[in-house]
Amino acid sequence: MEAIILQILNGLDKGSAYALIALGLTLIFGTLGVVNFAHGALFMIGAFCAVVMQRLLGLSYEQVDPTKTDFLGNPLKVQVPYVESWFGPEIGGAIVDWSVPLAIVLAIPVMVILGFVMERGLIKHFYKRPHADQILVTFGLAIVLQEVIKYFFGANPIQSGAPAALSGSFDFGAMLGFDPNVVIYPFWRLVYFLFSLVIIAGVFAFLQFTTFGMVVRAGMADRETVGLLGIDIDRRFTIMFGLAAAVAGLAGVMYTPILAPNYHMGMDFLVLSFVVVVVGGMGSLPGAVAAGFLLGILQSFASMNEVKSIIPGIDQVIIYLVAIVILLTRPRGLMGRKGVMED
Amino acid sequence: MTNSNLTRRGVLKTGAVTGAGLALPTIFTSRASAFTNEPTGSTVTFGFNVPQTGPYAEEGLDELRAQELAVEHLNGMGDGGMLQTFSSKTLDGTGILGKKVQFVTGDTQTKSDAARAAAKSMIEKDGVVMINGGSSSGVAVAVQGLCQEAGIIFMAGLTHSNDTTGKDRKKNGFRHFFNAYMSGAALAPVLEKAYGTDRRAYHLTADYTWGYTQQESIQASTEALGWQTVNNVLTPVGAGDFSSYITPVLQSGADVLILNHYGGDMVNSLTQAVQFGLRDKQVNGKQFEIVVPLYSELMAEGAGDNIKGVYGSMNWNWQLQDPGTKAFVKSFGERYGRPPSNSAHTCYVQTLLYADAVARAGSFNPCAVAEALEGFEFDGMGNGPTTYRAEDHQCFKDVLVMKGAENPTTKFDVLEVVEVTPRAQVEYAPDHPMFGGAEASLGECNDGA
Amino acid sequence: MFGLNAKDTRFLLIVVFLTLATPILLQPFPESSSLAQFNAGYPDLMQKFAIFGIFAIGFNILFGLTGYLSFGHAAFLGVGSYTVVWMYKLLSYNILPGLVLSIIISALFALVIGFISLRRSGIYFSILTLAFAQMSYNLAYSVLTPITNGETGLQVYTNDPQVLMGANSPTSPHLFGLVMRESVQVDMGGWLFTFNIGYYFCAIIAILAFYISLRIFRSPFGMMLRAIKTNQTRMNYTGLNSRPYTLAAFVISGMYAGLAGGLLAAMDPLAGAERMQWTASGEVVLMTILGGAGTLMGPVLGAGFIKYCENIFSKINDGILHSWFAFLPDGIENFLVTLVHPFVGKGWHLTLGILFMLVVIFLPGGLVEGFQRISRLFRSKRVKDGPRRKDPEHHPKSAPHVAE
Amino acid sequence: MGILEVKGVNKRFGGLQALGDVNLSVKENTVHAIIGPNGAGKSTLLNCLVGKLIPDTGSVMFDGQSVLGRKPHEINQMGISRVFQTPEIFGDLTVLENVLIPCFAKRDGAFRMHAFETVAHEKEIVDRALHMLDDVNMAEKRDMHAASLSRGDKRRLEMAMCLVQEPKLLLLDEPTAGMARADTNNTIDLLRHIKATRDITMAIIEHDMHVVFSLADRITVLAQGTPLVEDVPEKIKGHPKVQEAYLGQSQHGHH
């Protein structure tokens with residue numbers, strides 16, 4: 001029982017990341033009709049916003065510490081972050097410590113602008129091109145983005161931890177009355193789960209309750225008609241692209257304490273997120289979210305020793321297996337609309 | 001920084017052949033030369049095959065730095081590095097056998113296929129006499145096989161799997177790096193001292209060949225201490241999120257988690273295990289502990305604070321205090337502004353060892369070189385007295401047991417040496433069952449002729 | 001000749017000539033010149049050109065003609081390689097049984113995967129093929145290690161049965177004694193040419209593969225495949241069942257991939273699991289698009305281009321850059337090296353990505369379209385009023401006479 | 001006994017009765033028009049004939065065989081060709097290839113692995129296709145890309161693609177929808193020409209009364225999914241029920 005609860009928790013957490021990425025992907029597909037293979041790269045760039053923030057806050061000057069030596073036997077130059085010398089070691093240290101949440105402030109404008117530039121500069125020209133062309137050009141873009149990041153940040157994973165206050169864990173099982181020390185859960189994963197719920201709710205509320213969202217939803221249903229009403233749907237779609245990029249970026253920022261960012265994480269997540277979107281049904285926002293959580297939980301269950309001992313390697317293929325079964329039994333995924341992406 | 005003049009073919013450069021070519025095409029198969037890529041000009045070309053793209057690119061870069069440095073030292077540039085401390089004095093800083101050393105590089109991408117393609121390109125196009133480097137066992141075994149077929153010498157880089165000098169050992173291949181068995185043998189006494197003999201270990205193992213051999217080795221040596229192995233769970237390579245594999249650990253009653261992971265997987269699994277609070281727990285009345293049997297500096301750096309107090313093993317570390325290490329660290333550090341990693345050390349040392357073997361053999365013929373390396377005993381290369389065992393071409397030397405430092409001063413000393421396990425403790429018979437047993441054989445030397 | 005019209009025959013003969021002369025054409029620079037690093041006429045790379053050419057030609061039969069974008073073709077490549085190595089292990093180093101079997105086994109694989117995946121179209125099809133290929137890769141890398149030797153790659157051990165191995169049989173891949181890795185080197189006044197048996201074996205198969213693809217392009221079957229790409233509704237209402245056509249195309253292209261995989265192992269007796277990874281499938285997509293999907297020659301060009309970059313372009317390191325710009329003043333030299341550095345050597349992926357985007361954006365017909373445009377430019381300069389210009393909107397990838 | 005016999009066909013979509021007890025008989029070598037206001041069920045009926053929809057009850061017999069449960073390509077192979085409201089052609093192929101494909105389909109059936117034959121060597125088929133193009137006055141456009149044709153030419157090409165199969169029954173779904181008057185007249189002429197030169201049965205679904213009355217031998221009026229009357233054109237024109245249900249409210253002809 002405890003094992004099941006734990007795996008559900010793990011699954012929800014994995015699922016949050018899948019759902020957030022898939023949500024952005026679906027927003028782009030649903031509004032613009034574009035299949036964006038560079039979406040994984042957006043997630044990756046989001047994660048690197050956290051790295052950049054950490055480095056910005058960690059910007060430091062050198063101070064020679066004569067009592068210590070470096071590896072060559074010279075007096076050690078100690079790096080003192082500016083924030084620490086400005087605000088004192090305590091507050092300064094806390095600021096550096098909170099760099100991941102603070103990176104949200106950086107990620108939102110960066111991602112929105114990146115989204116705008118991508119849409120205006122590239123994607124716009126592909127609305128009328130076949131889906132295969134869209135896949136290919138965004139795939140090319142994904143390669144370029146990942147190589148650029150690699151050029152600046154190298155190939156190693158770069159750790160950026162959660163703030164000390166949130167980096168511990170709590171005994172979730174004991175709270176539910178199970179044996180203590182069994183169902184343990186890290187704070188940050190809970191934060192990530194709640195954060196993703198907030199974002200998902202925010203996106204839905206935005207589409208549901210604002211005029212802007214209503215127009216966009218109408219545009220998703222029938223682009224031409226909305227265009228006839230004299231509404232500048234194109235500009236709104238640009239904004240949607242920025243929003244989708246921001247969602248992917250935020251998903252990336254907050255994920256860094258769980259997964260140390262590296263330049264190829266975008267490609268790793270790309271395949272997965274596409275499977276999620278397709279399982280959910282192309283163009284269906286609730287479908288994307290549901291499929292994200294579903295696949296996350298299924299993957300967690302498949303990783304259990306009990307399951308793996310019956311079917312070895314099931315944890316490596318479960319996602320794909322589920323995708324195949326769903327696509328064959330429900331041609332348009334869980335909640336897909338008819339006629340979408342079938343030509 | 002000009003004119004490195006890197007890619008020139010070693011073969012067929014002599015005036016005689018070229019001159020004859022004008023009159024009549026000289027036709028010959030590779031049989032015509034004495035051995036593959038026999039250097040006939042005034043230079044000899046080495047091939048450095050390291051990951052330059054993909055997840056291990058940084059490690060490859062560090063290996064490349066070290067190899068460049070080794071070439072400079074062989075050619076008499078720079079301060080000579082370990083040449084000054086090396087026990088064999090055949091090399092004099094004028095190249096090898098009067099030939100200047102050049103090198104070409106290849107990108108393994110940490111994929112067997114790509115590594116072989118890069119190696120083939122260096123053998124066929126650039127005419128290299130040896131290939132050095134690499135950062136995974138799969139690649140090492142694949143390239144070693146290729147070099148055996150092609151008839152050149154292979155010096156493996158970072159490869160830790162028992163198979164490289166075990167069931168996949170080859171007459172043309174040599175390994176300076178230590179292996180999983182040695183890690184287990186070196187770690188066991190330290191773990192016993194730190195954690196006692198009554199422990200229950202839970203293994204998470206990367207689901208591929210290296211993971212299997214390391215897990216097998218560590219399990220064997222910890223069980224010899226009296227530890228129990230509660231479970232061994234295979235995790236997909238690049239899983240990213242290891243939570244579903246970590247959460248069952250506490251329930252299992254284990255009190256030690258052994259992470260048979262490397263690279264990005266190690267960074268993530270260790271970080272996440274710490275996040276799940278494993279190290280704060282008391283199980284069976286004992287403090288819960290994590291062990292990472294194979295460490296690398298770059299990955300330790302990636303894991304940050306999470307590594308504090310975690311035991312692991314290494315082939316070599318720049319913090320050693322012997323003269324060889326000091327000379328190398330100085331040379332490398334002044335050139336690149338950072339201390340060398342242990343895979344860089346291996347690649348550096350192997351380049352010198354190969355050159356020395358050629359000089360002692362008086363020939364570039366791989367069979368002669370192999371003979372010179374087999375059973376070769378040397379010192380002054382950082383690991384104390386070392387032997388290349390003739391039976392399996394594995395180097396035997398002291399192994400380092402490391403621990404994540406509590407108070408690192410820079411990002412370079414996040415690990416500290418806690419024990420130098422003497423060589424006698426990590427030795428094993430060449431027909432040890434983990435190394436292919438009696439069936440494993442080096443085969444015949446191939447010089448391509 | 002060969003059941004082709006005069007134009008196609010000429011085209012085929014040119015291809016045959018180029019293929020056979022490759023060892024000479026790819027060594028344009030004498031060994032001692034500093035440009036020798038751009039020579040590509042060494043066996044391994046030439047073999048790769050031919051083999052990935054076959055892979056891309058086959059992929060093009062599916063993607064170029066029917067428009068079905070498979071992201072899982074690398075799986076067949078891997079299956080082909082594993083088959084050949086297993087035949088080495090069981091029988092002997094003769095490549096023939098393995099190659100024949102690799103085509104058969106990959107055809108069976110393609111039949112099963114195609115039968116299931118082709119129940120869907122568009123991106124759903126792509127995802128299904130991707131899912132199958134990733135499953136194959138993940139399993140081959142880990143759980144199936146007893147069959148595939150996992151990460152290390154499947155290879156031959158001395159204790160393998162090799163029941164057909166005689167005392168004097170070659171100990172590396174051969175065709176009835178013709179050893180694949182043997183070469184004849186010819187040195188001609190500083191130029192070095194390597195004529196490798198393995199390459200010529202691949203080249204002959206590649207020519208056959210090309211010929212078959214040419215015949216398919218010109219056949220009613222090929223026309224049906226193009227019809228499927230442009231309008232499946234009309235196809236069905238014309239009394240044609242598109243499913244068996246697409247399945248046939250899928251299986252044929254799977255067989256090509258299996259053959260290519262088999263040849264990889266025939267040239268180099270090792271089969272790595274990475275061959276099946278989705279990025280390997282992506283690579284053949286890149287090759288086909290870069291060269292020109294739906295054209296006959298495009299995929300081969302694309303394959304050659306990418307393999308050239310991977311093996312030659314990637315070797316340009318800073319030292320070489322410095323030697324190029326050495327004649328310039330130091331400041332400018334360093335500036336230029338810094339500028340070029342990210343794009344060459346280990347940064348070649350970046351160049352590839354940018355190039356690929358440019359091709360998709362501006363040259364939907366790939367490199368072939370680029371060549372056509374250039375040659376049209378020259379032609380229209382010569383002929384004053386110019387030939388009738390084609391509709392700029394029309395993409396040559398679907399034109400019937402795609403041989404150029 | 002007609003070549004096409006529709007008996008008691010019902011089709012519901014959720015709560016909507018799209019077709020209610022439709023009976024229809026199309027006699028060989030006649031032009032039979034089906035008319036009705038928007039939403040009368042014309043398209044649903046057509047889709048039931050070609051295999052795109054399966055009726056809930058009833059039977060559809062063509063040439064003595066049931067078409068129900070067969071796929072569109074099987075129904076085509078039985079001898080039914082279809083012209084769409086917006087011409088469905090192979091846009092990326094040349095005009096000639098567009099006509100070649102139905103020729104192959106007619107000769108070789110739904111699938112044949114003719115990968116090693118050469119299109120250009122199939123003299124008989126190429127001749128037949130060229131002859132057909134001649135017949136619809138498109139011979140000189142044979143090498144053009146079908147997508148670059150004018151709308152009228154596309155319609156003509158589609159017609160040629162259907163006719164070259166010599167179908168026993170040609171279904172036309174509003175063949176003049178959206179056309180200018182001149183194009184409409186051209187199409188009428190083309191259809192008349194077809195009717196005059198071949199033994200062919202046609203069923204036309206049409207809005208445009210001008211087209212219907214210039215071509216049809218018999219007319220069925222459909223309203224709310226049920227046939228109202230069926231008769232010769234002259235009778236239909238003056239029929240009060242029709243006036244009331246259809247003509248009265250949609251005198252504007254085509255939309």
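User: What does helix α3 of chain B lie across, and at what angle does it run to β3(B)?

Analyst: In this predicted model, helix α3(B), residues 112-124, lies across β2 (43-50), β3 and β4 of chain B. The helix runs at about 150 degrees to β3(B). Angles are taken between N-to-C directions on a scale from 0 to 180 degrees.

User: What is the order of the strands in the open sheet of chain B, and which are the edge strands?

Analyst: Five strands form the open sheet of chain B in the order β3-β2-β4-β5-β6, with parallel pairing. The name "edge strand" applies to β3 (100-107) and β6 (173-175) of chain B, each of which pairs on one side only. From one strand to the next, the twist averages 20 degrees.

User: Why is Phe328(B) called buried?

Analyst: A residue is buried if 20 or more other C-beta atoms lie within 10 Å of its own. Phe328(B) has 32 such atoms within 10 Å, and it is therefore buried. This residue lies in helix α10 of chain B. Leaving aside neighbours within four places in sequence, Phe328(B) is in contact with Gly81(B), Met82(B), Pro340(B), His345(B), Tyr348(B) and Gly382(B). By contrast, the C-alpha atoms of Phe328(B) and Ser183(B), 145 residues apart along the chain, are separated by 24 Å.

User: How many residues does each of chains A and B bring to their contact, and what makes up the side of chain B?

Analyst: Chain B gives 40 residues and chain A gives 39 residues. On the side of chain B, at least two residues each come from α2 (57-74), β8 (228-235), α7 (243-251), α8 (263-275), α9 (297-303) and α10 (323-336). Helix α7(B) supplies the largest share, seven residues. This side of chain B divides into 15 nonpolar, 19 polar and six charged residues.

User: What makes strand β8 of chain D mostly covered, and which way do its residues point?

Analyst: Five of the five residues of β8(D), residues 201-205, are buried. Thr201(D), Ala203(D) and Ile205(D) point one way, and Met202(D) and Ile204(D) the other way.

User: With which strands does β8(D) pair, and over how many bridges?

Analyst: Strand β3(D), residues 31-35, pairs with β8(D) in the parallel sense over four bridges, and Ile34(D) has Ile205(D) as its bridge partner. Strand β7(D), residues 169-173, pairs with β8(D), also in the parallel sense, over five bridges, and Leu172(D) stands opposite Ile204(D). The chain crosses from β7(D) through helix α6(D), residues 181-197, to β8(D) in a right-handed β-α-β crossover.

User: How are α4 and α10 of chain C arranged relative to each other?

Analyst: The axes of α4(C), residues 95-117, and α10(C), residues 242-267, come within 7 Å and cross at roughly 145 degrees. The crossing of α4(C) past α10(C) is right-handed. The residues of this contact divide into 16 nonpolar, eight polar and no charged.

Definitions and conventions. Residues are numbered from 1 along each chain as its sequence is written. Chains are lettered from A and ligands numbered from 1 in the order in which they are written. This is a predicted model: local features need pLDDT of at least 70, side-chain atom pairs count only at pLDDT 80 or more; totals for chains, interfaces and linings use all residues. A crossing is left-handed if the near helix is turned anticlockwise from the far one by less than a right angle, and right-handed if clockwise. Ala, Val, Leu, Ile, Met, Phe, Trp, Tyr, Cys and Pro count as nonpolar, Asp, Glu, Lys and Arg as charged, and the others, Gly among them, as polar. Two residues are in contact if their C-beta atoms, placed from the backbone, lie within 7 Å. A residue is buried if 20 or more other C-beta atoms lie within 10 Å of its own, exposed if 12 or fewer, and partly exposed in between; C-beta atoms are placed from the backbone. Two strands pair if DSSP finds at least two bridges between them. A crossover is right-handed if, with the strands pointing away from the viewer, the path from the first strand over the helix to the second runs clockwise.
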